[in-house]
Amino acid sequence: MCIRDRPKPEGTKKIGAEFSQELFRGQAEWAKENGDYKTAIDYFIGSGDFKGAIETCGEHGMLERLNDICKGLDRKTQEDLLLLCGKYFKEKGNYGYAKEAYLRLGNIKSLMELNVAFQKWNEGLFLAKQNPDISHLLYLPYADYLVKQDKYDQAQEAYKRANRLDLALRILDSLAHNAITEKRFKDGSYYYWSQALETLMQVKNFSNPSPSDMEYLNSFE
């Protein structure tokens, strides 16, 4: 038997594998520094450094390649890498790829934040209905958006859902003031009545009001 044919000790195999990985990683870094990103990604993957491959794709906008890598990741053991893929897709403006990554993970919170970032309000409202525990992530930015679109009645409802009664009442006060200024007295009286009703609904005990109840009641003085 030739020397080269003799079985190698297990320790030698391990050292050889580690050396190969380090060699590949070094080649990946060299290729990346010299602007050969495609080769760098191949070497990162060859060395088992998926994070390095993902970062290279994300930093240089290689989203198609990043999506290919993302599809090959295991959602149970490589959750952090899938989240990293989603982060780069989101930063680079690719809603579809980011959504796919978050859906694979079942990460509803990240999916809601994605919908808000891309103003996918219909998708966000549907998600909020299915997952009330994360609806707070949607309603405040959604209400702000509605205000900018001059949709004040809808914005007021969204602020209430976001538990921001102060902002909802501020809208009613502004609408009432504008209506009176424009001599639309019927509209103005309706908005003031709505504002009073919304305020009174927050009082929990009229016979023995708490300090917070008194704050609402004093607003009528």
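A patch, as I use the word, is made of residues with over 30% relative accessible area and no salt bridge; nonpolar side chains (Val, Leu, Ile, Met, Phe, Trp, Tyr) are joined within 5 Å, like charges within 9 Å. A salt bridge is a side-chain nitrogen of Lys or Arg within 4 Å of a carboxyl oxygen of Asp or Glu. Areas come from the Shrake-Rupley method with a 1.4 Å probe, and for residues only the protein chains shown count as cover.

Two notes on the source. This is a predicted model: local features need pLDDT of at least 70, side-chain atom pairs count only at pLDDT 80 or more, and totals for chains, interfaces and linings use all residues. Residues are numbered from 1 along each chain as its sequence is written, and side-chain values use heavy atoms, with hydrogens and water left out.

Now the patch. Ile 180, Phe 185 and Tyr 192 form it on the surface, nonpolar, with about 280 Å² of accessible area together. Phe 185 belongs to helix 12, residues 185–200.

Next, the overall fold. The chain has 13 helices and 0 strands. Helices are DSSP runs of H or I, at least four residues; strands are E, at least two; numbering starts at the N terminus. Of the 221 residues, 33% count as buried. Buried means under 20% relative accessible area, exposed over 50%, partly exposed in between, with a 1.4 Å probe and protein chains only. The accessible surface comes to about 14100 Å², and 52% of that belongs to carbon and sulfur atoms.

On to helix 3, residues 50–59. Its buried residues include Gly 52, Ala 53, Ile 54 and Thr 56. Just after helix 3, Gly 61 takes a positive phi of about 65°.

Then Ser 110, in helix 7, residues 108–117. Buried or exposed, Ser 110? Buried, because its relative accessible area is 14%. Leaving aside neighbours within four places in sequence, Ser 110 is in contact (heavy atoms within 4.5 Å) with Leu 83 and Tyr 102.

Now the rings. There are 4 aromatic pairs. Phe 89 and Tyr 97 make a tilted one: 5.2 Å centre to centre, 55° between the planes. Rings of Phe, Tyr and Trp (its six-membered ring) pair if their centres lie within 6.5 Å; planes under 30 degrees apart are stacked, over 60 edge-to-face, the rest tilted. Phe 89 counts as buried because its relative accessibility is 0%. Tyr 97 counts as buried too, at 17%. Elsewhere, ring pairs link Trp 121, Tyr 142 and Tyr 145 into a cluster.

Last, charges over rings. Lys 87 lies over the face of Tyr 88, 4.5 Å from the ring centre. The test: NZ of Lys or CZ of Arg within 6 Å of the ring centre and within 35 degrees of the ring normal.
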